[in-house]
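Hi everyone, thanks for coming. I'd like to walk you through one model today, so please have a look at it with me.

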Amino acid sequence: MKLMFQGEEKDCYASVLKVQITSKKKWINLVLVYGLGETPMMLASNITIKSKEDVIKIARCYLNRWRIEEYFKFKKQEYKFENFRVRTLNAINNLNMMLTYTIGLIGLLSEQKIYITGKISFLIYIFYQFS
């Protein structure tokens, strides 16, 4: 199977083992994906696996989720997103949306080779005052 990993398409293969978590006494599927690094990637899943396509779906879903996690990590580290204190879910969603739009704007402007002066955090600060 071919998987996108760290910006490259890699040839991989996978195997599945049924394992039991001792504390829960439940059986789960352990999907082992080989070819992404020196050691296999181990993915635990409670999804029923009936075919090779199910294994590929689990691996692709995990890698897609990982990209989303990396995106939020980037937001937190580069723009100090976790330092903002808001009290409601609506305020968190608004702040996240504003930050996403700001990152998109920076991307568009950098593609056009327009240089941005000042700090982006100023825009976020203004938005935070109105949240």
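Let me start with a definition: rings of Phe, Tyr and Trp (its six-membered ring) pair if their centres lie within 6.5 Å, with planes under 30 degrees apart called stacked, over 60 edge-to-face and the rest tilted. This is a predicted model, so local features need pLDDT of at least 70 and side-chain atom pairs count only at pLDDT 80 or more, while totals for chains, interfaces and linings use all residues. Residues are numbered from 1 along each chain as its sequence is written, and side-chain values use heavy atoms, with hydrogens and water left out.

So, how many aromatic pairs does a search of the whole structure find? The search finds 1. The ring centres of Tyr62 and Trp66 are 6.3 Å apart and the planes are at 20°, so this pair is stacked. Both sit in helix H1, residues 52–78, 4 residues apart, and are therefore separated by about one helical turn. Helices here are DSSP runs (H or I, at least four residues), as are strands (E, at least two), numbered from the N terminus. Tyr62 is partly exposed at 32% relative accessibility, and Trp66 is partly exposed at 42%. For those words, buried means under 20% relative accessible area, exposed over 50%, and partly exposed in between, with a 1.4 Å probe and protein chains only.

The partners are Arg65 and Glu69, whose closest N and O atoms are 3.4 Å apart. These two are also 4 residues apart in H1, so about one helical turn separates them. Arg65 is exposed at 52%, whereas Glu69 is partly exposed at 37%.

Now to the inside. A nonpolar core is a set of buried Ala, Val, Leu, Ile, Met, Phe, Trp, Tyr and Cys residues joined through side-chain atoms within 4.5 Å. The largest one has 11 residues, including Leu3, Cys12, Met41 and Ala59. Strand E4 (26–34), strand E5 (41–45) and H1 each supply at least two of its residues, and H1 gives the most, with 4. Leaving aside neighbours within four places in sequence, Ala59 is in contact (heavy atoms within 4.5 Å) with Leu3, Val33 and Leu43. Apart from this core lies another, of 5 residues, among them Tyr79 and Phe81.

That's my tour, and I'm happy to take questions!

Key. A salt bridge is a side-chain nitrogen of Lys or Arg within 4 Å of a carboxyl oxygen of Asp or Glu.
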